[in-house]
Amino acid sequence: MDDHEVVVVDNGAGWIRAERATAEEPQRFPNAAAKSRAEAFTRYADFSQVQDITGLALRRPHERGYLSNADLEREIWSFVLRSRIKVDPKESGLLVTEPLVNLRACESALEQIVFEDFGFRSYYSCPAPVLAAREHFEASKSDASAAGTALVVDAGFSFTHAVPVFDGRGLNYGVRRLDFGGKAATNLLKEIVSHRSMNVMSEPYVVEMMKEETCFVSMDARSDLLKAQKSRGSFALDYVLPDGVTVLRPRVKTKEDEERLLEGFKNPRHAPQVATLNHERFMVPEVFFSPSDVGLHQCGIAELAIQACECVDPLLRPLMLSNVLLVGGSSLIPGLPERFRMELRKVAPIDCEVNVFHSKEMACEGAWRGGKRVVNSGEYRAKCMTIREYQEHGLDPTRRRFLS
Amino acid sequence: MEAGGSGRPRLEDYLAVTEEVAQRRFKQKSTRAREASSGLATTKKKKAKKKLTLKKVLDNSGFDKLPPGKANWSNIEVGPSFTPKKKYSDISGLEAPYTDPKTKLRYANSVEYKQMTSMPYELVQATLALRGANVVFR
């Protein structure tokens, strides 16, 4: 098999992180296409140049976490590979992340794009949490890491998964999924803000930026709620929404905005649009810990980890609990890792040591770095599917030997 | 995959393509490639073929026919929480540490209890039905 470079693509439902395997850091793009109201063409994956982001309706190729619109994914990858990473698919291989317990139809749709539309030389797909675990094993020196055992809690865009990893491989029968993720949190914040201040139901992109800037997780939601009730100013935050003309990107209200607001009472057309956030700043991420708040008959992420642990051999459980890895974009909410540690310690068995590992780099880029490790270690070369195999045998699920 | 080879395609590999391999490859070519080689042009068909809706995919995946031990889309859903639930009063909504043993209504203080004793049977059952705790006689 000839030597060709490999592109590692962490293909998430929310964001793509992609770069050549030889690079240090991945580039990050939203995995969506959108057409701004003021422009006539559709943009793929890069909205930083858009002037008017109000009403930006994103179309995503992933639906509820699984790839349903392969055509759209092809367009997005086309843009990312050709204009940003500048790599020729016919001269390289591809390592992609796929959802856990992926559906056969989605797998074959992806294989078709990879080999027929792009013409990659080779292909390897793997679930993202397992790659993140591999990266973690190299970095940490504990016994559990030496055994290749970990429990990865991936707080992603569509779902939050808890994946037990043993011997460097994910145990599919032990995976547990919570149907709440970054996307659901954004939608919840959209509804709440629309009820309270301004109607933002058609602006998921803006509300996502709002969520990233203003939301946090409190250690004790009940007492914080009482505090917010007693004095309005404890958690209140004014957030300026974009209007495409004077305010291009949403931000927390500044002094200039305050002055313009006062002027705006005389001339309403020039007033900045301000939404006030209060306790929804911490009640929206609180749903990660009690999804019954929004009517989901599921448990929070601490118990999710325990339920995933209980599906594996009892001898492995203490090892896994001592090596819990928290990854995913939603784990970057300020305060979430600390709260998760506290909640997990509450529900874990008393004789187990509980260690939760979390860092900003691992949360966003852990899966990408794990993919890089798979490429550099030679496992990619040994187990990838080449285009010749695809042409001879076609879409045959038994030829997929990834992670076996 | 060639074992230990340099990976360059050899003439023998091309000549070794038998009739059945050629047929299989033809079938698995993309629609676009097949129609291009046979001279027809139907671009609309190609778009409809590749676009999946998740609902169709899930319905066709037949996950309920798979063996129960194998993970599939529906059985990896996490179950409800085991933490003890807080009880709230059926009358006021405050936290209710007490339950009436006769009617199984929850109440928070003595004022509510007094009100509760004067509630008629239908009202009691209707209040319990809101919580899903009423007994239905068939």
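Trainee: Let's start with A:Tyr66. Buried or exposed?
Mentor: This is a predicted model. In it, A:Tyr66 has a relative accessible area of 0%, so A:Tyr66 is buried.
Trainee: How many aromatic pairs are there over all chains?
Mentor: The count comes to 13. One of them joins A:Tyr66 and A:Phe159. Their ring centres are 6.4 Å apart, with 55° between the planes. That pair is tilted.
Trainee: Where do A:Tyr66 and A:Phe159 sit in the chain?
Mentor: A:Tyr66 is in strand 8 of chain A, residues 66–67. A:Phe159 is in the loop between strand 11 (150–155) and strand 12 (160–166). They are 93 residues apart, so the pair links distant parts of the chain.
Trainee: And A:Phe159, buried or exposed?
Mentor: Buried, because its relative accessible area is 12% and the cut-off is under 20%.
Trainee: What lies over the face of A:Phe159?
Mentor: A:Arg177, at 5.0 Å from the ring centre. Elsewhere, the charged end of A:Arg339 sits over the ring of A:Phe289, 4.6 Å from its centre.
Trainee: What about A:Phe115 and A:Tyr123, which kind of pair is that?
Mentor: Their planes are at 75°, so the pair is edge-to-face. The ring centres are 5.8 Å apart. Both residues are buried.
Trainee: Which residues form an aromatic cluster?
Mentor: A:Trp77, A:Phe118 and A:Phe120 form one.
Trainee: New topic: charges. How many salt bridges over all chains?
Mentor: The count is 26. Take A:Arg74 and A:Asp117, whose closest N and O atoms are 3.3 Å apart. A:Arg74 is in helix 1 (residues 70–85), and A:Asp117 is in helix 2 (residues 104–118). That is 43 residues apart, and the pair links distant parts of the chain.
Trainee: Are those two buried or exposed?
Mentor: A:Arg74 is buried, and so is A:Asp117.
Trainee: What does A:Lys253 pair with?
Mentor: A:Glu258, in a salt bridge with the closest N and O atoms 2.9 Å apart. A:Glu258 is partly exposed, at a relative accessible area of 34%.
Trainee: Last one. How far apart are the closest N and O atoms of A:Asp167 and A:Arg169?
Mentor: 4.0 Å, and the two form a salt bridge. A:Asp167 counts as partly exposed because its relative accessibility is 46%. A:Arg169 is partly exposed too, with a relative accessible area of 37%.

Methods. Residues are numbered from 1 along each chain as its sequence is written. Chains are lettered from A and ligands numbered from 1 in the order in which they are written. This is a predicted model: local features need pLDDT of at least 70, side-chain atom pairs count only at pLDDT 80 or more; totals for chains, interfaces and linings use all residues. Side-chain values use heavy atoms; hydrogens and water are left out. A salt bridge is a side-chain nitrogen of Lys or Arg within 4 Å of a carboxyl oxygen of Asp or Glu. Helices (H or I, at least four residues) and strands (E, at least two) are DSSP runs, numbered from the N terminus. Buried means under 20% relative accessible area, exposed over 50%, partly exposed in between (1.4 Å probe, protein chains only). Rings of Phe, Tyr and Trp (its six-membered ring) pair if their centres lie within 6.5 Å; planes under 30 degrees apart count as stacked, over 60 as edge-to-face and the rest as tilted. A charge sits over a ring if NZ of Lys or CZ of Arg is within 6 Å of the ring centre and within 35 degrees of the ring normal.
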